[in-house]
Amino acid sequence: MDLYFYNTLTKQKDKFEPIDLEEVKIYSCGPTVYKDATIGNMRTNIFQDILRRVLRYNGYKIKHVMNITDVGHLVSDGDEGEDKMLKSAREEHKTPLQIAEYYTELFFNDLKLLNIETPEIVCKATDHINEMLEYVKKLVENGYAYETSTAIYFDISKLDKYPILSNLDLEKQKAGARVDIDREKRNPADFALWIKAPENHLMKWDSPWGASYPGWHIECSAMGQKYLGEQFDIHTGGIDLIPTHHENEIAQSKGRCGKIPANYWLHGEYLLINGGKMSKSLGNVYLVKDIIEKGYDPIVYKLFSYSCHYRNKLNFTWEGIEATSKSLERLRNSYKINLNGNDKLTQQDKDKLLQIEENFHKAINDDLNMPLAMSYVWEVARFEKKNEEVAKLLAKFDTVLGIKIDEDNSKKEEIPEEILELVEQRKIARENKDWQKSDELRDLINQKGYSVKDTKNGAEIKRI
RNA sequence: GGCGCCUUAGCCAAGCGGUAAGGCACGAGUCUGCAAAACUCUGAUGAUCGGUCCGACUCCGAUAGGCGCCUCCA
């Protein structure tokens, strides 16, 4: 079945045709590890995870590279106030590198909690200083870069066309742009490839230009080329990366080898909080940890993100999470019921399931349309006949969804001995049809923070 | 100032030029000692206005409201 992606480069849905039919090569811009990853960051990672899973559903093998930015963004570039990185390093009595390691670990823990697959290759910027340096040297050699007293800059006027992803008109931008005080730059939009380190700079390396450190965009170009070659299939990232980071990555690649590094550029939209932007000043920055603390399975957030297409803004609300929590429970419930179902499937039923399966496939192949795909998942979950085949189809869908549909809803957490004892007493009361005592015991259990629900397989106990 | 996006039932949110998927909530019901679960049923004419068309939510234009980017940001 054909697969289509909306391509920021062409501004339309393009049919996907990989360079190498055997293996799709993807590069994703990963986290800058100097602070906690938010659920907004995670939305992008979920989108990238879906991309991987959909490609695999279509039979492709994948080579996916994701970078860890542990240098370059670490030190503020002339902003006022203390740098966050240095601040946390000082507060926690750690080096910048230790901070990077700490947040890298947290990041991967979040991925795990959300059942997001780890890319085949994860690479740190600091491990590729040489590659970056070589890349910059080559750009200088090719005449696309020049040195100033503070840095090596990329000269965008050497390109046939500079902003090619976004519709920005640099000429028109000039009027409203902030004043650029760097008179050494040839063009206002020239960006730093390699920066000469000030005396007190914590991370710096030797280079032909003295102690210095890489600019903000060179790492992705250098590592992308190293692991995936001059040209690969898909490049992903958040929508905010379009105007600068990805634009500059393309510029660098064109300057070095005359090619746009990737054929398909996919960008994920922002997550909004209560209709607005997530920001610390509004106190609405949420982490995966916060979702867990409110008592939800973190997978709920993943499922929640499927209610909206990745190229549209998704509005996060706790009401939405609560609603999705119910949905997840029902989907898992349906899986379990179907697994033990004994209804016979007629040929007509089987045809119907096949049709739904095809619709699902069509939806995910149409630029990862998860909201539409979910409607087909529900058709299966609510299929009138309960049968193992239905459960198998749900499991197949779950290779794309990754919501652990086979996981038991009843939490595996420890139920206190006291509660178990009360539940046992209630069971006896119910067997004796002593409903009054049974209800009293249920109230008591509720008071102690647990709920009891009678199912065919006995009492289900959950923490409230 | 420039560029772009969004506005669909109480909430979230898709597809589609020919009369609107799905989820949650609400309500009704089946089942069960009750509750829960499960299952069944139930709701919108598409921000406003105008145009094109045999026909528009779906194309074009305008208006209103909301949002994003142009500066680090997923």
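Analyst: Helices (H or I, at least four residues) and strands (E, at least two) are DSSP runs, numbered from the N terminus. The model is predicted, so local features need pLDDT of at least 70 and side-chain atom pairs count only at pLDDT 80 or more, while totals for chains, interfaces and linings use all residues. Residues are numbered from 1 along each chain as its sequence is written, chains are lettered from A and ligands numbered from 1 in the order in which they are written, and side-chain values use heavy atoms, leaving out hydrogens and water.

Buried means under 20% relative accessible area, exposed over 50%, and partly exposed in between (1.4 Å probe, protein chains only). Buried in H10 are Trp318, Gly320, Ile321, Thr324, Ser325, Leu328, Leu331, Arg332, Ser334, Tyr335 and Asn338. An α-helix has 3.6 residues a turn, so residues three or four places apart point the same way. With contact taken as heavy atoms within 4.5 Å, the buried residues of H10 pack against helices H8 (288–293), H9 (299–305), H12 (370–381) and H13 (388–401), and against strand E13 (314–316).

Next, a sheet. Two strands pair if DSSP finds at least two bridges between them. The order E5-E4-E3-E10-E11 describes an open sheet of 5 strands with parallel pairing. Strands E5 (121–124) and E11 (262–268) are its edges, each pairing on one side only. From one strand to the next, the twist averages 20 degrees. Strand E10 (residues 232–238) and E11 run parallel and are joined by 6 bridges; Phe232 stands opposite Ala262 in E11. Helix H1 (residues 39–57) packs on this sheet, touching E3 (23–28), E4 (61–68), E10 and E11, and its direction makes about 155 degrees with that of E10. Axes are lines fitted to C-alpha atoms, for helices over the stretch in contact, and angles run from 0 to 180 degrees between N-to-C directions.

Two single residues follow. Cys220, in helix H6 (residues 218–228), counts as buried because its relative accessibility is 3%. Leaving aside residues up to four places away in sequence, Cys220 touches Tyr27, Cys29, Asn67, His245 and Glu249. Ile428, in helix H14 (residues 417–431), counts as partly exposed because its relative accessibility is 43%.
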